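Visitor: I have the sequence and the model open side by side. Could we go through a few spots together, starting with the backbone and then moving on to side chains?

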Amino acid sequence: MREILVRILAGVAVLWAAASLAFVVLQLLPSDPVQVIYGSDSTVTPEMRDRIRAEYGLDLPVHQQYANFISRLVQGDLGESYQQRRSVVSIITSELGSTITMAVLAVGFAVTLAVLSALLTAGRRGFWRWLISGIELVAIATPAFWIGILLLTFFSFRWAIFPVMGDSSWRSLVLPVATLGLSLFGTLSQVMRQEMDMALEQPFALTARTRGLSEWALRWRHALRHALIPGLTISAEMFGALLGGAIITETVFGRPGLGRITLQAVRNQDIPVVIGVVLFAALVFVTINILVDLLYRLIDPRVQRAGA
């Protein structure tokens, strides 16, 4: 419990640092919130501008603005959008489901491919390992948006198997999930295979073979467990990155989600929405890492003994 508490406190410190950095960036930006809200509307009087600044607390000293900013965050209040005049929380939650669905399926797709690749090629040499390693290198070196364009070219434009864009059915998820999953697969597969290579050379593997354990059972029941910890770490980091960085993929495929609202907020200088998405991504990243630390003990009991 003490170690869990330390992890939680460290996560809170990370969130506080992210929020403080966001506040500093907000203060350094040259844009005026009133100008962002009303644009070049000539009917806006100086009195109206002063009232808007007072409404958002922009007429207060910087230290008091910071205190109010942190206080609202502690209460789960991310502020109000300059453009939509809605709470940032409601904007994020309205688009969150689409992004989470895509991210979960993409990570699941990447993990499935990586596990199969590691099981089939770890500890072996030959054509199939060379081929799969080449595919991994291509997946790592190719930008996600280029993978998406290639998939669209063949599976939407040429063969018309999947829709070009939108969020109308499960078929519209296939190409975005494949795009993100393939871009994650290369790194994850290489790490897991390397761990399994080392595991299959350990004394326990030789002992298991001498006792008659089949090669497949050795890989599946024993060697794979050694590869799960680094694989779980990378998968967690990938999931957190996907939630905060799905802008390109959602734009290429015309999908709703956090990427779309972030892009719109950047274009419109809607700073509260941009900061809200950044802080939400930081919260997800911290939460996932805490959960992964707890899962380590279930996957490998040696971690728990080392902590003790």
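Visitor: Let's start with Ala160: is it buried or exposed?
Guide: This is a predicted model, and in it Ala160 is exposed, because its relative accessible area is 56%, over the 50% that the term requires. Ala160 belongs to the loop between H7 and H8, and its phi is positive, at about 55°, although the residue is not a glycine.

Visitor: And Arg85, what is its phi near?
Guide: The phi of Arg85 is near 55°, again a positive value in a residue other than glycine. Arg85 sits in the loop between helix H4, residues 62-74, and H5, and it counts as partly exposed because its relative accessibility is 35%, which falls between the 20% and 50% limits.

Visitor: How many aromatic pairs does the count come to?
Guide: The count comes to seven aromatic pairs. One of them joins Phe127 and Trp128 in an edge-to-face arrangement, with 5.4 Å centre to centre and 70° between the planes; the label applies because that angle is over 60 degrees. Both partners are exposed, Phe127 with a relative accessible area of 52% and Trp128 with 60%.

Visitor: What about Phe154 and Trp159, how is that pair described?
Guide: Phe154 and Trp159 form a tilted pair, 5.8 Å from centre to centre and with 45° between the planes. Phe154 is partly exposed at a relative accessible area of 31%, and Trp159, at 46%, is also partly exposed. Ring pairs also link these two residues with Phe155 and Phe162 into a cluster.

Visitor: Changing topic: Thr121, is it buried or exposed?
Guide: Thr121 is buried, because its relative accessible area is 2%, under the 20% cut-off. This residue lies in helix H5, which covers residues 88-121.

Visitor: What is Thr121 in contact with?
Guide: Once its neighbours within four places in sequence are left aside, Thr121 is in contact with Trp128, Arg129, Ile132 and Arg193. Trp128 is thus a contact of Thr121 as well as a partner of Phe127 in the edge-to-face pair.

Visitor: Now the inside. Which residues touch the most other members of the largest nonpolar core?
Guide: That core has 46 residues, and Ile92, Met192, Met196 and Leu242 touch the most other members. The elements giving two or more residues to the core are H5, H8, helix H9 (203-210), helix H10 (215-244), helix H12 (258-267) and helix H13 (271-299), and the largest share, 13 residues, comes from H5.

Visitor: What does Met196 touch?
Guide: Not counting residues up to four places away in sequence, Met196 touches Ala118, Leu119, Ala122, Arg219, Ala223, Leu224 and Ala227.

Visitor: And how many residues are in the second core?
Guide: The second core, which is separate, has 14 residues, among them Tyr56, Ile70, Tyr82 and Leu279.

Note on methods. Residues are numbered from 1 along each chain as its sequence is written. This is a predicted model: local features need pLDDT of at least 70, side-chain atom pairs count only at pLDDT 80 or more; totals for chains, interfaces and linings use all residues. Side-chain values use heavy atoms; hydrogens and water are left out. Rings of Phe, Tyr and Trp (its six-membered ring) pair if their centres lie within 6.5 Å; planes under 30 degrees apart count as stacked, over 60 as edge-to-face and the rest as tilted. Buried means under 20% relative accessible area, exposed over 50%, partly exposed in between (1.4 Å probe, protein chains only). Helices (H or I, at least four residues) and strands (E, at least two) are DSSP runs, numbered from the N terminus. Contact means heavy atoms within 4.5 Å. A nonpolar core is a set of buried Ala, Val, Leu, Ile, Met, Phe, Trp, Tyr and Cys residues joined through side-chain atoms within 4.5 Å.
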